[in-house]
Every structure is written in C-alpha cells, then in structure tokens.
Amino acid sequence: MSLRLQKYLRDCLGVSRRKAEILIEEGLISVNGRAAELGMSVEPETDRVVYQGKIITVASSPSRTIMLNKPLEVVTTRFDPQKRKTVYALLPASFRNLFPVGRLDYLTEGLLLMTDNGDLAYRLTHPKFEVEKEYIVLIGGNLLLEHRQKLEQGLKTPDLISAPAKVTILQQEAHKTLVGVVLHEGQKREVRRMFQHFGYRVLSLRRVRIDSLRLGDLPSGQYRELSQKEIADLLLPAKVAKKSSKE
C-alpha cells in the first residue's frame, strides 16, 4: 500500500507534517537514490527512503508520548546557543528521541507534550483542528471589562491577530488579577502579547490543559507517560472528544 511521503516521514521520524515538508524541500530526503519531491508517494515494502545517509522505516515499537510540567527558565529546544537548560535535561535518555508538540517559552511553565507520534503532533498543532489550550495568567492590575470583551472578540492589530478567546477572571485583588484563558491557536508568545497589548504586565503564565488532557497535580520538572487511552482521546476529532467526555 502506497503512502504519501510526508505521512511516511511523520510515521518514521516522529516529526510534524510541516517538518517533513521542510526536509523534502531542503533536499534531505531521497527515494530510491533520487531527491524526493513534495506530494510523491512511496511503497513502504519496496521503496528505499533515505535521510542523513540512513534508510528509514516505521518503527516496530509503539509510539510514546509524555506530559512534562515544564519549569520556568527552561527552553523547549534540544540545543540552546545561550547554554540555557533545555527540557531534554529533565528526561532520561530513553525519552530524548521525543520532540515537543508546540512550545512554551522560557518564562512560561506548565503542560508540555513530547512525542514520537507524528499523527498526534499534527492533530494537536494544525490550526484546522482548533485544539483548545488553557492557561492560567497572573497580570498586574485589574483586568478592565472592555479589555476582557475585546480579548473575547479577538484582536486585530498591526502586531497581533488573535482569534476570540474564552476569558475568565478567577481572582482579583487590589493590584493583580488571576485570569483563565482558553485559546485554539498557537502563535508565538500569544497570551503574553494579548495582555501586553493593553498595557498589562504578565507576572506568571502557566498552561494547564491541552484538549482533553489536564496537567493536574504533576510536580514542576516532573513527567509521566500517557496511557494509550489518553493518546486515543487526543486523536479523536474535537466534537467526538467533547461528546465522549460528557458521557
């Protein structure tokens, strides 16, 4: 049975579809001795697909996915030119082949998924699936009603275009507000930029949920492997997943 080359690379290398396309575009993939092209199909049983001088095949072992409670001041990359601590320093060698599903920036903590399952990464990161991500944000000052309403309507500025968000005030004190924010986008530093647009200082930011998966009481810096049931739930189409969670 033939497969699209991008899907084959996702299954073999555990990368996103876009990453697979980049590898092809940069000439890093060959099929039967010839440079691969976008859109081509391969026969896994007979075609010889090569990356970095090695023939690649779909791993026989099942994919693995972990959830990590990323601490502050840790980068979501394998290597950092500034020599800062990376998420891979928190993991044993057996998990260091996993790649992050999206990113959390240096000063953001909380739920980070890491996997070698390309289909799962694609499902959770492609905008068309509108997967919800939930954050708890502590901002300086009191969140004004008009600003909350604008965040819920979606922002359109020269520097940021954001879809409508769900915004809930969890706790408000004299000089700070704890806010729950639910998005289904993954723009770089989006939550921070949304509040900074109105002049609020973000004091802390933590992601607590991705789709049906919650961070729960997992300690900072610790990880756990997801069950096959949890992975299957994350792979469900959004409407089916929501219906299932109510039953």
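Me: Is Arg18 buried, partly exposed or exposed?

Reply: This is a predicted model, and in it Arg18 counts as partly exposed because its relative accessibility is 45%. The class called exposed begins over 50%, and buried means under 20%.

Me: Which residue does Arg18 pair with in a salt bridge?

Reply: Side chains of opposite charge can pair when their charged atoms come close. Here, Arg18 forms a salt bridge with Glu21, and the closest N and O atoms are 3.1 Å apart. Glu21 counts as buried because its relative accessibility is 18%.

Me: Where do Glu21 and Arg18 lie?

Reply: An α-helix has 3.6 residues a turn, so residues three or four places apart point the same way. Both Glu21 and Arg18 belong to helix α2, where three residues, about one turn of the helix, separate them.

Me: How many salt bridges does the count come to?

Reply: The count comes to 15 salt bridges. The chain carries 40 positive and 29 negative side chains, and the centres of these two sets lie 2 Å apart.

Me: What parts of the chain does the salt bridge between Arg64 and Glu225 link?

Reply: In this pair the closest N and O atoms are 3.0 Å apart. The bridge joins distant parts of the chain: Arg64 sits in the loop between β6 and β7, while Glu225 belongs to strand β17, 161 residues apart. Arg64 is partly exposed because its relative accessibility is 31%, and Glu225 is partly exposed because its relative accessible area is 35%.

Me: Are Arg209 and Glu134 buried or exposed?

Reply: Both Arg209 and Glu134 are buried. They form a salt bridge whose closest N and O atoms are 2.7 Å apart.

Me: Which residues are linked with Arg209 in a network of salt bridges?

Reply: The network of salt bridges links Arg209 with Glu132, Glu134, Lys166 and Arg214.

Me: Turning to the nonpolar side chains, how many residues does the largest nonpolar core have?

Reply: In soluble globular proteins, nonpolar side chains tend to be buried together. The largest nonpolar core in this structure has 28 residues, and those with the most contacts inside it include Met67, Val87, Leu113 and Leu234. Two or more residues each come from β7, β9, α3 and α6. Strand β9 gives the largest share, four residues. Apart from this core lies another, of 19 residues, among them Val137, Val167, Val191 and Tyr200.

Me: What does Val87 touch, beyond residues up to four places away in sequence?

Reply: Val87 touches Leu68, Lys70, Val74, Val75, Thr76, Thr77, Leu112 and Met114.

Me: Is Leu213 buried or exposed?

Reply: Leu213 counts as buried because its relative accessibility is 5%. It is placed in strand β16. Leaving aside neighbours within four places in sequence, the contacts of Leu213 include Met67, Leu111, Leu113, Leu226 and Leu234. Leu213 and Leu234 stand 21 residues apart in sequence, yet their C-alpha atoms are 7.6 Å apart in space.

Me: Which residues of helix α1 are buried?

Reply: In helix α1, the buried residues are Leu5, Gln6, Tyr8, Leu9, Arg10 and Cys12. Their cover includes β1, α2, β2, β4, β5 and α3.

Me: Where is Asn32 found, and what is its phi near?

Reply: Asn32 is found in the loop between β2 and β3. Its phi is near 55°, a positive value in a residue other than glycine. Asn32 is partly exposed because its relative accessibility is 43%. Glu130 also has a positive phi, near 50°, and lies in the loop between α3 and β10. Glu130 is partly exposed because its relative accessibility is 48%.

How values were computed
Residues numbered from 1 in each chain as written. Predicted model: local features only at pLDDT ≥ 70, side-chain atom pairs only at ≥ 80, totals over all residues. Heavy atoms only, no water. Core = buried A, V, L, I, M, F, W, Y, C linked by side-chain atoms within 4.5 Å. Buried < 20%, exposed > 50% of the residue type's maximum accessible area, 1.4 Å probe, protein only. Contact = heavy atoms within 4.5 Å. Lys, Arg positive; Asp, Glu negative; His and termini not counted. Charge placed at Lys NZ, Arg CZ, Asp CG, Glu CD. Salt bridge = Lys/Arg side-chain N within 4 Å of Asp/Glu carboxyl O.
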